[in-house]
Amino acid sequence: MADAPTHSKILILDFGSQYTQVIARRVRECQVYSEIVRFDTPAAEIAALKPNGLILSGGPASVYDKGAPQIDPEIFLLGVPVLGICYGLMLMAHHLGGKVVFTGRREYGAGGLHIKNRSELFAGLGSQLDVWNSHGDEVTALPKGFRVVGTTEGCDFAAVEDPQRKLYGLQFHPEVVHTPRGKEILQNFVYHICHCAMDWTMGSFIEEACARVRKQVGADKVVLGLSGGVDSSVTAALLHKAIGDQLTCIFVNNGLLRAREEEIVQRVFGENFHVQLKYVDASERFLSKLRGVTDPEQKRKIIGNEFIRVFEDAIIDLAKTNGSPITDHKFRFLAQGTLYPDVIESVSIQGNPAQVIKSHHNVGGLPEKMHFELVEPLRQLFKDEVRQVGLQLGLPKEIVYRQPFPGPGLAVRILGEVTPERLSILREADTIVQSEMEAADWYYKVWQSFAVLLPVQSVGVMGDQRTYENTVVLRIVESQDGMTADWVRVPYELLARISGRISNEVKGVNRVCYDISSKPPSTIEWE
Ligand code: XMP
């Protein structure tokens, strides 16, 4: 990955641990750039990347398993400090002449580490630490040159080192929050052992990213599909800073947006940032394609395909427009808000989940079809870093911290047919949910909070009149990444306020339910 050579840098070799990304983030929280690479990256390639230090992640395998991920042992001869965590420690011991066995005892969960010998890795941390274990293999004899630093109840070699060769190993996981002082251990490693400088800041990232984009793009033009979500919004703001009017954003109103969404995007990007913004109202096109369709996957496919067509049409239109500053060029580049976790998927040994639960909507088909080259300025960043960049570029909090919103929009929150009437009911209910969540200070604490409209009517009473009206479901979930989720235990008073307002103010609704399902087995969206 292109990175300014002046940066301090820690490389993390990924052996398939569920915590590999967490390690990378912890290092970046120390303001030190970190990058995840494949476990079997050859030593020569590693050396060429000029890292200040290496971290070997944990992993699910046992070093003696057939096909267990192996390391190029030459890595230990590079003279670069190495920290092996869990499986990383086992590999180090195994390759350098120590002994690793599967003891049959799995040490899992919280434990206490007793520091027996002074070590730079534990400087300033005292002699007793709470740590988090998750391992089956255990080192039973150390390689030559190594010594014990700390032990746990179940393990005599829980922290070891060869300070001469700057090799360090931990049986436990310093990167997880259950090792409360783990961050200080990592800080000792990156600052004092690897001598990294704190030079990874979002300010420096913005400057470098702008320079990289200018170099890549030259005098050519870039087009970006702006959805109003965090990633495409920050991409737009960053590219605008880098290349100004060489960037054109296309915002498609698919008729499935939340209330006032098109206003917010046009205000922020058009009026405040003065981005070249093409607003395409394609509501009619989408809604007529969706008429009579009730199957969730069919809805998603229709919306995804139609989006690509509308986007293509808009680009062709832009190239044709006479008198506009973008008449003379076709767009050579397509910008996308790809983030680091998407990039890691392709380098890690874990790969992508095999089964498609829902077909997600994006513009992935466009580059091949229209021969675009991609500009992806956020490829190096985690989501929290993207938000910091957004704030530094002057985007408002309502954009930078907004909740995720699915590409197919309200269509996957209207069960059954999507009609203008049902859209309008859901928009009104959704607006009430958002405003009450914000007023109660809950909006930014949860992953998502929204309303769903069911194709179910039930009997109610209003005044002295019998009603037979629609049902709205309220979904409020917490989640780290959308892969798993749980419903949020918000105060009853908040639920009561939302329910009361929806049934009183939204014509056509007489019943509100709260969804108390987690993911799995449910999903976050209803379709
Ligand atoms: P599910 O419903 O699969 O949702 O549990 C997980 C997260 O993904 C969002 N989501 C989407 N995002 N295009 C998107 O960009 C989509 O088609 C899409 N479908 C679901 C959903 O809102 C949740 O945050």
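Strands (E, at least two residues) and helices (H or I, at least four) are DSSP runs, numbered from the N terminus. The structure is a predicted model, in which local features need pLDDT of at least 70 and side-chain atom pairs count only at pLDDT 80 or more, whereas totals for chains, interfaces and linings use all residues. Residues are numbered from 1 along each chain as its sequence is written, and side-chain values use heavy atoms, with hydrogens and water left out.

E16 also pairs with E15, to which it is joined by 13 bridges in an antiparallel arrangement. Leu453 stands opposite Val472 of E16. The two strands E15 and E16 make a hairpin with 2 residues between them, and Gly463 in the turn has a positive phi of about 65 degrees. Strand E18 (residues 509–514) runs parallel to E16, the two being joined by 5 bridges; here Val473 has Cys513 as its bridge partner in E18.

A parallel open sheet is formed by 5 strands in the order E12-E11-E10-E13-E14. Its edges are strand E12 (276–281) and strand E14 (373–375), each of which pairs on one side only. On average, neighbouring strands of this sheet are turned by 30 degrees against each other, direction ignored. Axes are lines fitted to C-alpha atoms, for helices over the stretch in contact, and angles run from 0 to 180 degrees between N-to-C directions. Strand E10 (residues 222–225) is joined in parallel to strand E11 (residues 247–253) over 4 bridges, with Val222 opposite Leu247 of E11. Helix H9 (residues 296–320) lies across E10, E11, E12 and strand E13 (333–335), at about 140 degrees to E11.

A nonpolar core is a set of buried Ala, Val, Leu, Ile, Met, Phe, Trp, Tyr and Cys residues joined through side-chain atoms within 4.5 Å. Buried means under 20% relative accessible area, exposed over 50%, and partly exposed in between (1.4 Å probe, protein chains only). The largest core has 47 residues, of which Val223, Ile250, Leu256 and Ile502 touch the most other members. H9 gives the largest share of this core, 8 residues. Because domain 2 (202–400) and domain 3 (419–514) both contribute residues, this core lies between them; the domain bounds come from an automatic or database domain assignment. A second, separate core of 42 residues includes Leu257, Val275, Phe333 and Leu339.

Rings of Phe, Tyr and Trp (its six-membered ring) pair if their centres lie within 6.5 Å; planes under 30 degrees apart count as stacked, over 60 as edge-to-face and the rest as tilted. By this rule there are 12 aromatic pairs. The rings of Phe251 and Tyr279 are stacked, because their centres are 6.0 Å apart and their planes lie at 20 degrees. Phe251 belongs to strand E11 and Tyr279 to strand E12, so the pair ties together parts that are 28 residues apart in sequence. Phe251 is buried, with a relative accessible area of 1%, whereas Tyr279 is partly exposed at 29%. The pair of Tyr340 and Phe382 is edge-to-face, because the ring centres are 5.4 Å apart and the planes lie at 80 degrees. Both Tyr340 and Phe382 are buried.

Terms used
Two strands pair if DSSP finds at least two bridges between them. Contact means heavy atoms within 4.5 Å.
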